[in-house]
Amino acid sequence: MSLAERLKAYQKRIQTPRVAVSGYLTRVVGLTFEAVGCRAPIGSLCGVESAQGEIRAEVVGFAGDITYLMPISDAHGVLPGAQVRPLQRQQGLPLSMGLLGRVIDANGQALDGKGRIHSEQTGTAKREKINPLARRVISQPLDVGVRAINGLLTVGQGQRMGLFAGSGVGKSVLLGMMTRGTTADVIVVGLIGERGREVKEFIEEILGEEGRQRSVVVASPADQSPLMRLRGCEAAAEIAEYFRDLGMNVLLLMDSLTRYAMAQREIALAIGEPPATKGYPPSVFAKLPALVERAGNGGENQGSITAFYTVLTEGDDLQDPIADSSRAILDGHIVLSRELADAGHYPAIDVEASISRVMPQIVSQQHMLDAVQVRQWFSQYRRNQDLIAIGAYTKGNDPRIDQAINMRPKIDNFLQQGMREVVPYDECLGQLQQLTGSRQS
């Protein structure tokens, strides 16, 4: 054996300990710390010395000898030249059945005062992606307990839907209705960037005790750092993946995808990434599909993740960059109308502007025909609504418009539903057939 080969053999036997190289802060600008002399990979945690004790920060980028970090919590008391120490032990997300009924933050810490969560395993930073060809095809509908969705916008197990809405049109209430009415085994709710008051209100009033028993809530309110808001979305997706890998059907409700994009924008701009589309850097549009693709059907012996992502439309503009990008990567969208909400029509779903892309593959032919018929009546009335309102339309001129006018009260009654009312899928189909006359009552 040559000398070089012998040296390689010895090298393999020697366990070289990893030495953490500490550095020091040179600059703090806005949300970003700049440190030199610190060697740590992107995504790892570092401890930063401060007057109140050590605070934690995550490495988000580097340029030459400068390492950029972002604090997880408030950065009060940080001094010039403070020591920056890479942390060897990274904190993982606790994953176990003990998560059911609990409210946690983005780091997996309990927020509900019920004590520490005992975990069977800890989450990893990155899970292995499922081969697209290994995923099962969406073939079964998922009951969400909402008549307008079950009947006209049927959602399949493993589908990813967008819930497009402005502020104050009832999206949180609709999410709560789905948690109480769904047949999914587990519900994972991500409340990202919400006001603190809304978090408690959603858990206690909208979700309720019944919905909470089989739910996991990940809350990262608006007053937390953008890093925590980003982690909150990823934590909710990771928890959903854990239950899916156990063979369960999971309903993932993410409120909201827009706040996830805004958190990434804050981080990217802080470390110097140039803005591209209406102030959003390119990394935002790369991260959105990476998050959304984590949902869907698993492979053999795995369950499914059916996901609803709320998208905030600024000024009810559906051409907003995030709304437009989200619509392209999702399997359908449900639009909530401010006009319907103002008229007291709840849930304020605009069935004319909404679509479920997989509905034709998962429902019967009769169900599809009935849904199309109702949409046609709804659209016919909307197109002629102004003429009807001012009395310019004379009954008998067009039989289709006459029928749409006659059916409008029945359609409104079908689409409206009480906040605590649950309409099972089979019952909804019967009501839809009665509405269209395909089954005589």
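**Loops, domains and salt bridges**

Q: Ser-256 lies in the loop between strand 13 (249–255) and helix 6 (257–270). What makes these runs a strand and a helix?
A: Both are DSSP runs: a helix is H or I over at least four residues, a strand is E over at least two, and numbering starts at the N terminus. This is a predicted model, where local features need pLDDT of at least 70, side-chain atom pairs count only at pLDDT 80 or more, and totals for chains, interfaces and linings use all residues. Residues are numbered from 1 along each chain as its sequence is written, and side-chain values use heavy atoms, without hydrogens or water.

Q: Is the peptide bond from Asp-255 to Ser-256 cis or trans?
A: Omega is near 15°, and the bond is cis. A cis bond also joins Tyr-346 and Pro-347, with omega about -10°. Pro-347 sits in the loop between helix 9 (338–342) and strand 17 (355–356).

Q: What makes the phi of Lys-278 worth a note?
A: Phi is near 50°, a positive value in a residue other than glycine. Lys-278 belongs to the loop between helix 6 and helix 7 (282–292).

Q: How do you know that strand 1 and strand 2 pair?
A: Pairing takes at least two bridges found by DSSP. Strand 1 (residues 23–29) has five to strand 2 (residues 32–36), so the two pair, running antiparallel. Leu-25 stands opposite Ala-35 of strand 2. Their hairpin has two residues between the strands, and Gly-30 takes a positive phi near 60° there.

Q: What makes strand 1 and strand 6 a pair?
A: Two bridges join strand 1 to strand 6 (residues 83–86), again antiparallel. Tyr-24 stands opposite Gln-83 in strand 6.

Q: Which domains does the protein divide into?
A: There are domain 1 (23–86), domain 2 (94–363) and domain 3 (367–436). The bounds come from an automatic or database domain assignment. C-alpha centres of domain 1 and domain 2 lie 31 Å apart. Their contact (heavy atoms within 4.5 Å) takes nine residues from domain 1 and ten from domain 2.

Q: How much area do domain 1 and domain 2 bury between them?
A: About 850 Å², 69% of it on carbon and sulfur atoms. Buried area is the accessible area (1.4 Å probe) that two parts lose on being put together, summed over both. Leu-31, Met-70 and Ile-72 lose the most in domain 1, together 52% of what that side buries.

Q: Why is the pair of Arg-231 and Glu-58 called a salt bridge?
A: The term needs a side-chain nitrogen of Lys or Arg within 4 Å of a carboxyl oxygen of Asp or Glu. Here N to O is 2.8 Å, so the pair qualifies. The count between domain 1 and domain 2 is one salt bridge.

Q: Which elements give two or more residues to the side of domain 1 that touches domain 2?
A: They are strand 4 (55–63) and strand 5 (66–71). Strand 5 gives the largest share, three residues.

Q: Why is Arg-147 to Glu-421 a salt bridge, and what does the pair tie together?
A: N to O is 3.7 Å, under the 4 Å limit, so the pair counts. Arg-147 lies in helix 2 (residues 147–152) and Glu-421 in the loop between helix 13 (399–415) and helix 14 (425–436), so parts 274 residues apart in sequence are tied together. By this rule the count comes to 16 salt bridges.
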